[in-house]
Amino acid sequence: MKFTAIWKMRPMNNPHWFYFYIIPLLPTALTIAGWFFVYRREQSKRRLDRRDKRIETAVALLDKIASDTLAYYADSHDKGNQTANRIKQNLKWLGILCARIDSSLDKPFTGLRTVCSGGDFEARQRKALPPEHQKFIEIHDSVFRLRDTLDKCHDEIRKSRPINDFFRFASNCPLSKYIK
């Protein structure tokens with residue numbers, strides 16, 4: 001039997017539509033799909049980075065609120081309500097940040113706002129509280145609860161990073177023991 005090449009067996013006068021129309025468009029379609037994939041990954045990364053920065057800003061603001069509130073209640077004289085106004089403004093900004101970060105922060109933030117600006121806050125006849133007063137314990141407790149919830153949100157961000165998903169998949173891959 002004589003060997004004949006495949007391309008000589010079938011004349012290409014009438015090529016199949018798949019080879020003629022689809023194959024030339026395949027590189028373009030793959031390029032567009034790659035662009036879309038990269039765009040979505042970068043968009044997700046930017047969103048997580050913004051959320052991460054908001055959490056860091058909220059923690060710094062929480063520290064300012066805690067120190068200002070403790071100083072406010074330890075001293076009976078607030079000249080021109082400067083400390084009280086600073087506490088209220090920082091609480092407003094922290095409320096906005098908490099709402100943008102996650103809805104699970106509503107309850108701890110409400111507790112912090114109630115403890116910091118409730119009771120005899122901005123009262124004319126306010127007295128300085130001793131350091132062992134229950135109010136200071138409540139302030140520390142509410143700051144701790146909000147910081148703990150912020151840390152949980154931060155940990156969720158780290159778990160949802162795309163690069164971590166890749167390495168988590170790679171570590172579960174059967175070939176991962178051969179890759180070093």
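Reader: Which helix does T83 lie in?

Author: T83 lies in helix α3, and please keep in mind that the model we are looking at is a predicted one.

Reader: And is T83 buried or exposed?

Author: T83 has a relative accessible area of 16%, and because the cut-off for buried is under 20%, T83 counts as buried.

Reader: What is T83 in contact with, leaving aside its neighbours within four places in sequence?

Author: With those neighbours left aside, T83 is in contact with D68, Y72 and D78.

Reader: Let me follow up on Y72, then: buried or exposed?

Author: Y72 counts as buried, at 4% relative accessibility, and Y73 is buried as well, with a relative accessible area of 0%.

Reader: How many aromatic pairs are there by your rule?

Author: The count comes to 2 aromatic pairs. In one of them, the rings of Y72 and Y73 have their centres 5.2 Å apart and their planes at 85 degrees, so that pair is edge-to-face. Y72 also forms a pair with F121, which is tilted, with 4.9 Å from centre to centre and 50 degrees between the planes.

Reader: Why would you say the length of α3 agrees with what a helix should span?

Author: At 1.5 Å a residue, the 20 residues of helix α3 (residues 82–101) should span 28 Å, and the end C-alpha atoms of α3 are 28 Å apart, so the two values agree.

Reader: What does the same check give for α2?

Author: The 58 residues of α2 should span 86 Å at 1.5 Å a residue, and its end C-alpha atoms are 84 Å apart, which agrees.

Reader: Changing topic, how many residues are in the largest nonpolar core, and which have the most contacts inside it?

Author: The largest nonpolar core has 30 residues, and those with the most contacts inside it are L94, L112, L146 and L150. At least two residues of this core come from each of α2, α3, α4 and α5, and α2 gives the most, with 9 residues.

Reader: What does L112 touch, not counting residues up to four places away in sequence?

Author: L112 touches L62, L91, L94, S142, V143 and L146 on that basis.

Reader: Finally, what do the overall totals for the protein look like?

Author: The secondary structure comes to 6 helices and 0 strands, and buried residues make up 27% of the 180 residues. The protein exposes about 13800 Å², of which carbon and sulfur atoms supply 60%. Among contacts between residues at least 6 apart in sequence, 79% join residues at least 24 apart.

Note on methods. Residues are numbered from 1 along each chain as its sequence is written. This is a predicted model: local features need pLDDT of at least 70, side-chain atom pairs count only at pLDDT 80 or more; totals for chains, interfaces and linings use all residues. Side-chain values use heavy atoms; hydrogens and water are left out. Helices (H or I, at least four residues) and strands (E, at least two) are DSSP runs, numbered from the N terminus. Buried means under 20% relative accessible area, exposed over 50%, partly exposed in between (1.4 Å probe, protein chains only). Contact means heavy atoms within 4.5 Å. Accessible areas come from the Shrake-Rupley method with a 1.4 Å probe; for residues, only the protein chains shown count as cover. The expected span of a helix is 1.5 Å times one less than its number of residues. A nonpolar core is a set of buried Ala, Val, Leu, Ile, Met, Phe, Trp, Tyr and Cys residues joined through side-chain atoms within 4.5 Å. Rings of Phe, Tyr and Trp (its six-membered ring) pair if their centres lie within 6.5 Å; planes under 30 degrees apart count as stacked, over 60 as edge-to-face and the rest as tilted.
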